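Me: I would like to go through the ligand and metal sites of this model with you. Could we begin once it is on the screen?

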Amino acid sequence: MHSFISSGLLPFPVLKVDLHCHSTASDGLLSPEAVARRAADNGVDLFSLSDHDDLSGLPIAATVAGEYGMRFITGVEISVEWENAQVHILGYNFAADDVTLNAGLQSIRDGRISRARRMSDELEKKLGLSGCFDGAMRYAENPNLISRAHFARYLVEQGVCKEVRNVFESYLVPGKPGYVDHRWASLSESIGWIVGAGGIASVAHPGRYKFSRKLMRQFLDEFKQAGGRAIEVVSGSHSADNVAVFSRLSSEYGFLASCGSDFHGEGESYIDIGGTAPLPDGLTPIWEAF
Ligand code: AMP
Ligand code: MN
Ligand code: MN
Ligand code: MN
């Protein structure tokens, strides 16, 4: 499964790694089986399914990975509120049956249905769009994981926007009609659950957060202090500039470096599973700690 590229005289193996993908267990378009199969078909050697706030896809993804001889790591992407912003904390290589982690994730899922009802009410009140709750639910295979992504798909279906990725900026982000506040996990809670289950906590797609440099440092300081050890340097949603900035911060903070496509499905993701560039040289890959 390794590919070999030539560097000087000695060939060295380059692992194809994707540690960030979504399935229908959260807001992805493919089943957990299909995501794992697609990873294997794309030549991925080391794979993690990292659904939002939910572990239900892990057993079948692990089984499929095993059938293909692809190494599988347990994963999750936890929704966190920090300084009034939604951030995502990835957890890896934890015990998926950990009671505290599962109870914590359950507590986040519990709030999603009532939030979706409030989103639907706002869309009706402000835009005159009716039936958004039921419409979004039709797209959610796991109703407890009803997400803004499912609303986005419904709004595209209704002709409000042409593409899912355009819906967010106009309708579903803070200050827009379909956005409502929600209390997610705290940063320290999310890290505590992951570390308590024997896992490693990693900052997801830091380039997506609209933080000043000072606030980003405050965030990374708190993350590290709470027991966070890794950062996603290469992500499907990172520019080359983002990769450079977060490589430097990864080294400076002594974080392990991670990479993942953040694949949600064809037509919604620019990068396929296993399709990200390799980690820049000089960083310590997170898989050295697995
Ligand atoms: P939620 O967890 O319900 O707040 O939904 C967040 C999900 O919506 C993310 O995991 C992404 O899949 C998607 N999302 C959020 N912001 C954007 C954006 N600007 N463009 C495309 N997808 C987004
Ligand atoms: Mn998502
Ligand atoms: Mn995310
Ligand atoms: Mn993600």
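Me: By class, how many nonpolar, polar and charged residues does the shell around ligand 1 have?
Reply: This is a predicted model. The shell around ligand 1 has six charged residues, five polar residues and one nonpolar residue.

Me: Which residues are around ligand 1?
Reply: They are Asp27, His52, Gln86, His88, Arg112, Arg115, Ser147, Arg148, Phe168, Glu169, Arg208 and His264.

Me: Which helices and strands each supply at least two residues of that shell?
Reply: Strand β6 (85–92) does, and so do the helices α3 (99–127) and α6 (164–172).

Me: How far is a polar side-chain atom of arginine 112 from an oxygen atom of ligand 1? And arginine 115?
Reply: For arginine 112 the distance is 2.9 Å, and for arginine 115 it is 2.7 Å. Arginine 148 also takes part, through a polar backbone atom that lies 2.8 Å from an oxygen atom of the ligand.

Me: How much of ligand 1 does the protein bury?
Reply: The protein buries 83% of the 500 Å² that ligand 1 exposes when taken alone. The space that the ligand takes is the largest pocket.

Me: Now the metals. What coordinates the manganese ion (ligand 2)?
Reply: Asp27 (OD), His52 (NE2) and His264 (NE2) coordinate the manganese ion (ligand 2), at 2.1 to 2.2 Å. Along the chain, these donors follow the spacing D-x24-H-x211-H.

Me: Where do aspartate 27 and histidine 264 lie?
Reply: Aspartate 27 is in the loop between β3 and α1, and histidine 264 is in the segment after β9, so the pair ties together parts 237 residues apart in sequence. Asp27, His52 and His264 are also among the residues around ligand 1.

Me: What are the protein donors of the manganese ion (ligand 3)?
Reply: The protein donors are Glu77 (OE), His88 (ND1) and His205 (NE2), which lie 2.1 to 2.2 Å from the manganese ion (ligand 3). Their spacing along the chain is E-x10-H-x116-H. Glutamate 77 is in strand β5 (residues 71–82) and histidine 205 is in the loop between β7 (200–203) and α8 (213–225), so to speak linking distant parts of the chain, 128 residues apart.

Me: And which protein donors does the manganese ion (ligand 4) have?
Reply: Its donors are His20 (NE2), His22 (NE2), Glu77 (OE) and Asp262 (OD), at 2.1 to 2.2 Å. The spacing here is H-x1-H-x54-E-x184-D.

Me: Last topic: what distances separate the manganese ion (ligand 2) from ligand 3 and from ligand 4?
Reply: The manganese ion (ligand 2) and the manganese ion (ligand 3) are 5.5 Å apart. Between the manganese ion (ligand 4) and the manganese ion (ligand 2) the separation is 4.7 Å.

How values were computed. Residues are numbered from 1 along each chain as its sequence is written. Chains are lettered from A and ligands numbered from 1 in the order in which they are written. This is a predicted model: local features need pLDDT of at least 70, side-chain atom pairs count only at pLDDT 80 or more; totals for chains, interfaces and linings use all residues. Side-chain values use heavy atoms; hydrogens and water are left out. A residue is near a molecule or strand if one of its heavy atoms lies within 4 Å of it. A polar contact is a pair of N or O atoms within 3.5 Å; within protein, one must be able to donate a hydrogen and the other to accept it, and residues adjacent in sequence count only if both atoms are side-chain atoms. Accessible areas come from the Shrake-Rupley method with a 1.4 Å probe; for residues, only the protein chains shown count as cover. On a 1 Å grid over the protein atoms alone, a cavity is a set of points where a 1.4 Å probe fits but cannot get out, and a pocket is an open set with protein on both sides within 12 Å along at least five of seven lines; lining residues have an atom within 4 Å of a point. A molecule sits in a cavity or pocket if more than half of its atoms lie within 2 Å of its grid points. Helices (H or I, at least four residues) and strands (E, at least two) are DSSP runs, numbered from the N terminus. Ala, Val, Leu, Ile, Met, Phe, Trp, Tyr, Cys and Pro count as nonpolar, Asp, Glu, Lys and Arg as charged, and the others, Gly among them, as polar. Donors are N, O and S atoms within 2.8 Å of the metal (3.2 Å for Na, K and Ca); water is not among the atoms, so sites may look incomplete.
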